[in-house]
Amino acid sequence: MKTLEDHLSQYASYHRDPRNIASHFPGILLIVLAVAILLSRPVFTLAGWPLSPALPVAGAVAIFYLRLDRPLGLLMSGLLGLAIWLGVALAVQTTAAWLGWGLGLFLIGWAIQFVGHHYEGRKPAFLDDIAGLAIGPLFIVAELVFLLGGRPALRQAIEERAGPVRRRQASR
């Protein structure tokens with residue numbers, strides 16, 4: 001299994017332009033929330049408990065994150081829980097509202113992502129490695145941790161492997 005550093009370095013190699021990285025904060029947030037909304041609607045009963053596809057999917061992804069890194073995995077698990085909570089709140093609305101929010105946020109999120117990749121000049125990472133779909137949310141949380149001064153050794157290791165974030169040149 002790849003390590004946290006392996007996954008984040010590979011993903012980071014597709015994300016070195018600061019505008020692309022910045023676009024991923026709202027883009028990925030909207031996509032994760034949209035998926036939580038869309039997967040929260042079909043509800044089945046298992047041993048008397050209501051269950052939607054959102055919970056086992058989020059659980060599997062949380063386990064993946066926890067196996068990569070306990071502190072980031074715990075943070076991601078909490079954020080996934082928040083996304084599921086919001087997803088359920090919107091999934092219980094009318095079908096039109098559920099689909100409108102779910103599909104709308106999904107499309108807006110991907111549009112923002114593709115604008116960022118236009119600046120990057122590279123295709124999204126998941127087109128070469130499907131694991132990029134799960135690593136994307138972890139990447140933006142790690143980037144936020146780095147911006148707040150946390151995990152400097154991890155940041156340095158990623159930049160050594162993927163290269164530093166390109167600085168924008170001043171326009172003339």
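**Close-up views of a predicted model**

**View 1. A47 lies in the loop between β1 (44-46) and β2 (49-51).** Strands (E, at least two residues) and helices (H or I, at least four) are DSSP runs, numbered from the N terminus. This is a predicted model, in which local features need pLDDT of at least 70 and side-chain atom pairs count only at pLDDT 80 or more, while totals for chains, interfaces and linings use all residues. Residues are numbered from 1 along each chain as its sequence is written, and side-chain values use heavy atoms, with hydrogens and water left out. A47 is not a glycine, yet its phi is positive, about 55°. Most residues other than glycine have a negative phi. With a relative accessible area of 74%, A47 is exposed. Exposed means over 50% relative accessible area, buried under 20%, and partly exposed in between (1.4 Å probe, protein chains only).

**View 2. R151 also has a positive phi, near 50°, in a residue other than glycine.** R151 sits in the loop between α6 and α7 (152-162). Its relative accessible area is 30%, so R151 is partly exposed.

**View 3. Ring pairs join F106, W110, F114 and F126 into a cluster.** Rings of Phe, Tyr and Trp (its six-membered ring) pair if their centres lie within 6.5 Å; planes under 30 degrees apart count as stacked, over 60 as edge-to-face and the rest as tilted. The whole structure holds 5 aromatic pairs. Why is the pair of F106 and W110 edge-to-face? Because the planes of F106 and W110 stand at 65°, with ring centres 6.3 Å apart. The two residues, F106 and W110, are 4 residues apart in helix α5 (residues 95-120), so about one helical turn separates them. F106 is partly exposed, at a relative accessible area of 29%. W110 is buried, at 17% relative accessibility. W110 also pairs with F114: this aromatic pair is tilted, 5.8 Å centre to centre, with 35° between the planes. W110 and F114 are both in helix α5, 4 residues apart, about one turn of the helix. F114 has a relative accessible area of 43% and is partly exposed.

**View 4. R122 places its charged end over the ring of Y14.** The distance to the ring centre of Y14 is 3.9 Å. A charge sits over a ring if NZ of Lys or CZ of Arg is within 6 Å of the ring centre and within 35 degrees of the ring normal.

**View 5. Helix α1 (residues 4-12) crosses helix α6 (residues 132-147) at roughly 90°, their axes coming within 10 Å.** From α1, L4, H7, L8, Y11 and A12 make the contact; from α6, G132, I135, G136, L138, F139 and A142 do. By class, the contact of α1 with α6 has 8 nonpolar, 3 polar and no charged residues. Axes are lines fitted to C-alpha atoms, for helices over the stretch in contact, and angles run from 0 to 180 degrees between N-to-C directions. Contact means heavy atoms within 4.5 Å. Ala, Val, Leu, Ile, Met, Phe, Trp, Tyr, Cys and Pro count as nonpolar, Asp, Glu, Lys and Arg as charged, and the others, Gly among them, as polar.

**View 6. L66 is part of helix α3 (residues 54-68).** L66 is partly exposed, at 30% relative accessibility. Beyond its neighbours within four places in sequence, L66 contacts G73, L74 and S77. M1 is 65 residues from L66 along the chain, and their C-alpha atoms are 13 Å apart.
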